[in-house]
Amino acid sequence: MSDNEELNEEVVDAIIEEEVSIDPLEGKSGPPVRVEDVLPTELVIYPLGGRPFFPGMLTPIQVEGSPYYDTIKTALEAPGKVFGIVLSHAEDGAEVFEADKLYRIGTVARIMEAAINEGDKQIKLLAEGISRFEISEVVQKTPPIVARVIHDNKPLESSQEIEALKPYTMAVINTLKDILKYDSLYQEQVKMFLSRHNFSEPDRLADFVASMTSSNREELQEILETISIQNRLEKVLALLKKELEMVRLQDKISKQVEQGISENQRQFFLREQLKEIQKELGITKDDRTHDVEKFKKRLKTRTLSEEAEEKIQEELDKLSVLENSSSEYGVTRNYVDWLTILPWGIHSKDKLDIKRARKILNQDHDGLEDVKERILEFLAVGKLKGEIGGSIILLVGPPGVGKTSIGRSVARAVGREFYRFSVGGMRDEAEIKGHRRTYVGAMPGKFVQAIRHTKVSNPIIMLDEIDKIGASYQGDPASALLEVLDPEQNNEFLDHYLDVRFDLSKVLFICTANQLDTIPRPLMDRMEIIRLSGYITEEKLRIARNHLIPKQLDKNGLVKGDLRITAGALRTIADGYAREAGVRRLEQKIGTIARKSAVKIVEEDAEKPITVAQSDVEDFLGKPDFRKEKPLKGIGVITGLAWTAMGGATLAIEAINTGGDKPGIQLTGQLGDVMKESAQIAYSYLKANRVKLGFKEERLNGLFHLHVPEGATPKDGPSAGVTMTTALLSLVKNKAVTRPLAMTGELTVTGHVLPVGGIREKVIAARRVGIRELILPDACRKDFDEVPEYIRDGFTVHYVKKYDDVARLVFTET
């Protein structure tokens, strides 16, 4: 170390510890030495995370390992043991040893005490801030970082400057006094400051006050970078005012909370005193007695079974001897509460007025005449018997055809309470039959909850999506439903939680499903199935006019005179945007038009009513989702009819011969196993009956390719057998079917045509695309006759028993 460096270290020590001006040149007189003149121009830089470090502050620092240890070790060897502390502006506020991630202005700090552990590379030290500095150049970028710095703190050199700052100083001190009234922590910090400084030092005061606020790091760094003492005091005063508002608000919130707690405690003690006084006077009862009397009062309006009465009395006796604070008391109380709140023997009176019921069903639904008649038959039988017995009805149909709303209409027509819950995705058998009381949080099953909610023993309970019920390791809910939905068993339904038999035989159960395939056969046998087919366009238009448009107008804040949708526009929406079997999509599109009309009325002040004509539909809804279906024609192309969960659909089947030496048949179009078998049967039937069907054997040479368009959609079922055979026959006979014709039916290898399902949906699908000539299995004659007359009108239907009849009708008739 040079002589000059030793001198600087001694001067710095004197300035810090004695706060006097010292001449760095021993034995020479002259003006006082400024701090900036004696501090080294090169400093080791320690990056600081969190908040900036101010001059006049003391801070303990503990470092361990590189590069922290190396940086502080170098600082200990520096003149005066001084180093620079600079705030890092890394995003996470961490201590980052990267020169380009440091602020330019920091604080010179001096190490006052240090304890070094060489083995663990650990240093504990106490540092004091001396003055500000600015980094002018980074000399060494790798840790330890060394920078060339400029010391410029602009100290006060005259009494006039100090006098000019006095108003700012007093404003800061007065604001600080206000804060001290609210927060004792600030008082401790002020005491520490006064032990080393005093309020007559404006620069130290500004730095101290800034450091004690809860301001964010960016605001504090701005104070540190403000060299002018007057400007610094102004900024500090603004931060202090914000701090004062915050502590006032905290104090207000704290007092409100304390007041609330005190009031609650006061009320608690008063209530306890009141209980004791009433108990001494004999005019009150404890909670346990009150609960027992409440439960007994409920039982006076119930007609209990012998088993239930015995069980409830047993539990009431147990409840009366248990301590209120015991856990078993809470369990027993909840159990008795459930037992006594159920409507034992309470029934609502059925309204069996058939005319009224017909009126309600017609008000709520357009179309579905066959379903309405079946429900009215059900009510008529109930009227003759004097009551509607417990029954289980299953409504099956595509989404959006009104299954759930029919259930609500039945409840309104009969005058019964209605409760609906979905069993779709249900995997726990306890959801049906309840949890056993040994489990924490045990509850009865959904059916007992429904009975409690409706407050009668004969509600209408709707089980939605029964075809989507699941199963898991927790049990099989579908099997648990067997007892509930069996009229011979549900008069003694046993819920695991209640452990007492409850009569569900008067409940009318209505279930809904999209398809029957996934419903277990034993469960389906217990239900009376009513099928809801899709709507044709005319029915959709009536539903839209009578129900959907008024509903959407009300939902979107419009009145009848605000929006008018023409019949042509509705037909365009139904055909081009909402072609599914139900009307849910149609309602969504009408809702879109209503919302866009609302925008026009509010934003553009459009003239009312807004009329949506057929030509305006694309402006509101964009391009149609569906193009107009045109049945494909040509050699080897035949139109079939299919049933899906979404309703009926037409299905074009195409056949070509790709040639080659190896005969056979190739299938594409994502066909299921049953449909693949139908194709094999068609190919085998043609090979076995080529003479009778009138084509030469060599026409079967080569590989046949059978394709069903819309390959992204899975397809399966036996009803395409006749259509596939006709497509192959058209190809080998080289004859095209030119007239609009569609067919359906299952084919056997001996040529018999078997019946298929979904006739109504298939007829609707044919009507939608303009086909009026159908070939159906003879056994489906009854199904076609059950289709409403307005749907059957205009159709020419050929009924066939064997495929010979199909070939004759297709290739000889015109």
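This briefing describes strand pairing, backbone geometry and surface patches in one protein structure. The structure is a predicted model, in which local features need pLDDT of at least 70 and side-chain atom pairs count only at pLDDT 80 or more, while totals for chains, interfaces and linings use all residues. Residues are numbered from 1 along each chain as its sequence is written, and side-chain values use heavy atoms, with hydrogens and water left out. Strand β5 (residues 122-140) pairs with β2, with β4 and with β6.

**Strand pairing around β5**

- Helices (H or I, at least four residues) and strands (E, at least two) are DSSP runs, numbered from the N terminus; two strands pair if DSSP finds at least two bridges between them.
- Strand β2 (residues 58-64) runs antiparallel to β5, and seven bridges connect the two. Within this pairing, valine 63 has isoleucine 123 of β5 as its bridge partner.
- Strand β4 (residues 105-117) is also antiparallel to β5, with 12 bridges. Here isoleucine 111 is opposite alanine 127 in β5.
- Strand β6 (residues 145-150) is joined to β5 by five bridges in the antiparallel sense. Glutamate 137 has arginine 148, in β6, as its bridge partner.

**Hairpins and cis peptide bonds**

- Four residues lie between β4 and β5 in a hairpin, and lysine 121 in the turn has a positive phi of about 50 degrees.
- A hairpin through four residues also links β5 to β6. Proline 144 is located in the loop between these two strands, and the peptide bond between proline 143 and proline 144 is cis, with omega about -5 degrees.
- The peptide bond between lysine 608 and proline 609 is likewise cis, with omega about -5 degrees. Proline 609 belongs to the loop between α22 (584-603) and β15 (610-612).

**Positive phi in loops**

- Glutamate 465, although not a glycine, has a positive phi of about 55 degrees. Its loop lies between β9 (460-464) and α18 (477-484).
- Glutamate 465 has a relative accessible area of 28% and is therefore partly exposed; buried means under 20% relative accessible area, exposed over 50%, and partly exposed in between (1.4 Å probe, protein chains only).
- Aspartate 499 is a residue other than glycine with a positive phi, near 55 degrees. Aspartate 499 sits in the loop between β10 (493-494) and β11 (501-502), and its relative accessibility of 40% makes it partly exposed.

**Surface patches**

- Patches are made of residues with over 30% relative accessible area and no salt bridge, where like charges are joined within 9 Å and nonpolar side chains (Val, Leu, Ile, Met, Phe, Trp, Tyr) within 5 Å. A salt bridge is a side-chain nitrogen of Lys or Arg within 4 Å of a carboxyl oxygen of Asp or Glu.
- Accessible areas come from the Shrake-Rupley method with a 1.4 Å probe, and for residues only the protein chains shown count as cover.
- Lys and Arg count as positive and Asp and Glu as negative, while His and the chain ends are not counted; the place of a charge is NZ of Lys, CZ of Arg, CG of Asp or CD of Glu.
- A negative patch consists of Glu306, Glu307, Glu309, Glu310, Glu314, Asp317, Glu492, Asp499 and Asp503. One of these residues, glutamate 309, is in helix α11 (residues 306-319) and is partly exposed, with a relative accessible area of 48%.
- A nonpolar surface patch comprises Leu249, Ile253, Val257 and Ile261, which together have about 360 Å² of accessible area. Valine 257 is in helix α9 (residues 229-281) and is partly exposed at a relative accessible area of 47%.
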